[in-house]
Amino acid sequence: MTEAIYQNLKYHGQKVVSSILTEEQLVISLFNDIDNLIDNGHLLKKEIINNIKSFKNIPFPISNHEIFYCSNLDTPQEKLNYLNHRYKFYKANKFHEEYESPPYLLLEPVSACNLRCPMCFQIDKTFTRKPFMGIMKWDLFTRLIDEAEELSVGSITLASRGEPTMHPKYSEMLKYISKKKNIFELKTNTNGTFLSEDICHSIFNSGVSTVVISADHYEKEKFEALRKGSNFDKIVKNVMQLNEIKNKYYKNTRTEIRVSGIDFHKNLDREKFNNFWQPYCDTVSVGYAVERWDTYANEPHPEIKSPCSFLWDRMYVWWDGKANPCDADYKSYMSYGDVSTSTIKDVWNSKKLKEFRELHLKKERGCLNPCDRCGLDFG
Ligand code: SF4
């Protein structure tokens, strides 16, 4: 194993106690154990091992995030397994390689939300009622996580259309996922309203990789106008508490706290935004809104022809088991199966999803609603 040399290195603006490898050190650490690494017949693992042996490099562009993650894994074999997952995701995302199982799964504990932000589909009154609203049953959840583990789905996000912390078993869900060895990255999103002390501890105890708090401003009045129904002071207090708990009880955690904003009116003072939130988190990010508050009424985008990587690299699963390519299609016009009555693997290999992929590859995504009008461009 490579000697750990960086102590208290700043990562995402936050001090972490664990050691961070450089890319070169990561390669050397794997090379030193190369004869003991087991590929289990996986082609991508074989390729990674061969590249390390022959060229002393990793066969895909490795990010700081991936190096950071590898640094926290104990054995070379665990690092290889993780790199295998990231390589699979990379090939699916960039080259539209088809795999037998999704590299990334987004599970929705609940579809409801306590807020009504103007840039979100939760303001669509035809959505916030039956049959769209509901919460995931525990049995379905555990079966999906067990299958995800078997299929080596490497990344899971616990969130999608609703506010996940509203699920009465949210903490248990995190804990259940944390026991799985082949699920490396666990992300969760929240609007911060229900971040109780108990939930904060569950997040760190479950080794969540990233907790994303959606927050779109730094001034109370503007924040509450954008995040309609929220209480700015309470959310700031909750984010501060999350950060305090991390610093006090989980100094060596690898959990990244990220505050993520949407610059809805395209006039956000990003420096002020960053200065306000940075003391309470590890990363601050801001993006522009994707038009998905009423996706189906968007103007079509005939100029966008690039295939959407989501059809190859991820599967969204709603609370009732419906599988979907994305949450821009929040009313499931393009649902390609139901994992409550079928397996993840069968749904991922469904005829319908293959047809969507073919249309996208032929630059005919304009035949699909809402792909013809969602505005997401991978080109
Ligand atoms: S609606 Fe947009 S994000 Fe969803 S699959 Fe189609 S192109 Fe991709």
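The model is predicted: local features need pLDDT of at least 70, side-chain atom pairs count only at pLDDT 80 or more, and totals for chains, interfaces and linings use all residues. Residues are numbered from 1 along each chain as its sequence is written. The chain has 13 helices and 11 strands; these are DSSP runs numbered from the N terminus, with helices being H or I of at least four residues and strands being E of at least two.

**Overall dimensions**
- For 379 residues, a compact globule would have a radius of gyration near 21 Å, and the value for the chain, 21 Å, agrees. The radius is taken over C-alpha atoms, and the globule rule is 2.2 Å times the number of residues to the power 0.38.
- Along the principal axes, the C-alpha atoms fill a box of roughly 60 × 50 × 40 Å.

- Nine strands, in the order 8-7-6-5-4-3-9-10-11, form an open sheet with mixed pairing; two strands pair if DSSP finds at least two bridges between them.
- Strand 8 (283-287) and strand 11 (337-338) stand at the edges with a single partner strand each, so one side of each has no neighbour in the sheet.
- Strand 7 (residues 256-262) runs parallel to strand 8 and is joined to strand 8 by 5 bridges. S260 stands opposite S285 in strand 8.
- Helix 10 (residues 270-277) lies across strand 7 and strand 8, at about 150° to strand 8. Axes are lines fitted to C-alpha atoms, for helices over the stretch in contact, and angles run from 0 to 180 degrees between N-to-C directions.

**Packing of helix 6 and helix 7**
- Helix 6 (residues 170-178) packs against helix 7 (residues 197-205) at an angle of about 10°, the axes being 9 Å apart. Helix 6 is therefore roughly parallel to helix 7, a term for angles under 35 degrees.
- Y170, S171, L174 and K175 in helix 6 meet D198, I199, S202 and I203 in helix 7; contact requires C-beta atoms, placed from the backbone, within 7 Å.
- This contact has 4 nonpolar, 2 polar and 2 charged residues. Ala, Val, Leu, Ile, Met, Phe, Trp, Tyr, Cys and Pro count as nonpolar, Asp, Glu, Lys and Arg as charged, and the others, Gly among them, as polar.

**Ligand shell**
- C308, F310, L311, P325, C326, A328, D329, P370, C371, C374 and L376 surround the ligand, with C-beta atoms, placed from the backbone, within 6 Å of it.
- The shell divides into 10 nonpolar, no polar and 1 charged residue.

**Backbone geometry**
- Most residues other than glycine have a negative phi, and most peptide bonds are trans.
- The K130 to P131 peptide bond is cis, with omega near 5°; P131 is in the loop between strand 3 (104-107) and helix 5 (138-150).
- The N369 to P370 peptide bond is also cis, with omega near 20°; P370 is in the segment after helix 13 (351-361) and belongs to the ligand shell.
- H96 has a positive phi, near 55°, and is in the loop between helix 4 (76-95) and strand 3.

How values were computed
Angles under 35 degrees count as roughly parallel, over 145 as roughly antiparallel, 65 to 115 as roughly perpendicular and the rest as oblique. Two residues are in contact if their C-beta atoms, placed from the backbone, lie within 7 Å.
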